[in-house]
Amino acid sequence: MKIAIFGQYYQNDTRPIIKDIFVFFNSNNVELVIEESFLKILYEEEIVKKEYKTFATYKDLNSSFDLLISIGGDGTILRAITYVRNSGIPIIGVNAGRLGFLAKVQKENIETFLQLILDKNYTVSKRTLLSIESNPKNDEIKEINFALNEISVSRKDTTSMITVETYLNGEYLTSYWADGLIISTPTGSTGYSLSCGGPVLTPDVKSFVITPIAPHNLNARPLVIPDKTEIVLKVSGREAHYLVSLDSRIATMNNETILTIKKTPFKINMVEIQDETFLKTLRNKLLWGMDKRN
């Protein structure tokens, strides 16, 4: 078995998790390939001493890998997908962060989880992504132009709202007067969109969600649309620029730039462990069923 490791170091919180993962896989003769910057930190912190092969870009990962393990929180997984891209390598997240809808495996269950990985006792959930193109072209989103959670537009260098002229499959929808607008995948529906009042979608739903951020027109509400929809946005405002966010990556756009957002031709394979399902995560993280009447 060949596994790629990507992660972030959270001082003492992460140290025991990292040690457990390395000790287990080394004792079971699993080939480990570590992200270059992460391995450097592990050497500096003296968490590992053995020499390992490394990867630095998505070009270093291919179909010879059985799995990529992300150690951190949901943000770490969002960075990990920029390495995996369209390679098809399944991703599993070990949660060393806080909320964790994507990084489902808790550190308390790490030994059980590692054995399941070794036995390949898991399923794969295919997750839809969003892609973006701009006219005129913008170099900041030229190469990594996709997002697993959401693509959003928001104001920059101003407290004034922006206007987001929105079209669906060429037909005018509306112009949102707001702080911004979120286009979310089902995976991202439990993230930024949820915090702005958007609905929760199960990962297998073939839909996107359009969620305004603090809209001035109070009758503007989140809208669920088919994921085959092509979305075109034209943003204007008092300032010359606005921001586009692709998960955790941010680019600056000139006003009047035309953005085209649609489903990517590839999907990300997320590993699902039987005892850590989406519905169980939803109950635990959102505290559903915690009412004493249940």
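**Entry 1: the nonpolar cores**

Which residues touch the most other members of the largest nonpolar core? I looked this up in a predicted model, and found that, of the 32 residues in that core, Phe-25 and Ile-69 touch the most other members. I then noted which elements give two or more residues to this core, and the list runs β1 (2-7), α1, β2, α2, β4 (67-72), β5 (91-95) and α4 (110-118). The largest share, six residues, comes from α1.

I went on to the surroundings of Phe-25 and, leaving aside its neighbours within four places in sequence, I found Phe-25 in contact with Ile-3, Val-30, Leu-32, Ile-69, Leu-114 and Ile-117. I also recorded a second, separate core of 26 residues, which includes Ile-183, Ala-220, Leu-233 and Ile-261.

**Entry 2: aromatic rings**

I next searched for ring pairs, and the count came to six aromatic pairs.

Another edge-to-face pair joins Phe-146 and Phe-266, whose centres lie 5.7 Å apart with 80° between the planes. This pair links distant parts of the chain, since Phe-146 is in strand β8 (residues 146-147) and Phe-266 in strand β18, 120 residues apart. Is Phe-146 buried or exposed? I read a relative accessibility of 3% for Phe-146, so Phe-146 counts as buried.

I also noted that ring pairs link Phe-6, Phe-55 and Tyr-83 into a cluster. Turning to charges over rings, I found the charged end of Lys-2 over the ring of Phe-65, 4.4 Å from its centre, and the charged end of Arg-85 over the ring of Tyr-58, 3.7 Å from its centre.

**Entry 3: salt bridges**

Side chains of opposite charge can pair when their charged atoms come close, and I wanted to see where that happens here. How many salt bridges does a search of the whole structure find? I counted eight salt bridges, and I wrote up three of them, given below.

The side chains of Arg-15 and Glu-45 meet in a salt bridge at 3.6 Å, N to O. The two are 30 residues apart, with Arg-15 in helix α1 (residues 15-27) and Glu-45 in the loop between α2 (36-44) and β3 (53-55). Glu-45 has a relative accessibility of 32% and therefore counts as partly exposed.

Lys-53 and Glu-31 form a salt bridge through their side chains at 3.5 Å, N to O. I placed Lys-53 in strand β3 and Glu-31 in strand β2 (residues 31-35), 22 residues apart, and this pair too links distant parts of the chain. Lys-53 is exposed, with a relative accessible area of 55%, whereas Glu-31 is partly exposed at 31%.

For Lys-234 and Glu-256, I found the closest N and O atoms 3.4 Å apart in a salt bridge. Lys-234 belongs to strand β15 (residues 231-236), while Glu-256 is in the loop between β17 (249-254) and β18 (258-272), 22 residues apart. Both ends came out as partly exposed, Lys-234 with a relative accessible area of 30% and Glu-256 at 41% relative accessibility.

**Entry 4: Arg-127**

Where is Arg-127 found? I located Arg-127 in strand β7 (residues 123-135), and I noted that Arg-127 counts as buried because its relative accessibility is 4%, under the 20% cut-off. Its side chain is joined to that of Glu-272 by a polar contact of 3.1 Å. Not counting residues up to four places away in sequence, Arg-127 touches Leu-102, Lys-104, Leu-148, Thr-187, Pro-203, Lys-267, Ile-268, Met-270 and Glu-272.

**Entry 5: backbone checks**

Most residues other than glycine have a negative phi, and most peptide bonds are trans, so I looked for exceptions to both. The peptide bond from Asn-135 to Pro-136 is cis, with omega near 5°, and Pro-136 lies in the loop between β7 and β8.

Lys-120, although not a glycine, has a positive phi of about 55°; I found Lys-120 in the loop between α4 and β7, partly exposed with a relative accessible area of 47%. Leu-287 also has a positive phi, near 60°, and its place is in the segment after α6 (278-286), where I noted Leu-287 as exposed, with a relative accessible area of 55%.

Terms used:
Residues numbered from 1 in each chain as written. Predicted model: local features only at pLDDT ≥ 70, side-chain atom pairs only at ≥ 80, totals over all residues. Heavy atoms only, no water. Salt bridge = Lys/Arg side-chain N within 4 Å of Asp/Glu carboxyl O. Helix = DSSP H or I, 4+ residues; strand = E, 2+ residues; numbered from the N terminus. Buried < 20%, exposed > 50% of the residue type's maximum accessible area, 1.4 Å probe, protein only. Polar contact = N/O pair within 3.5 Å; in protein donor to acceptor, adjacent residues only side chain to side chain. Contact = heavy atoms within 4.5 Å. Phe/Tyr/Trp six-rings, centres within 6.5 Å; stacked < 30°, edge-to-face > 60°. Lys NZ or Arg CZ within 6 Å of the ring centre and 35° of its normal. Core = buried A, V, L, I, M, F, W, Y, C linked by side-chain atoms within 4.5 Å.
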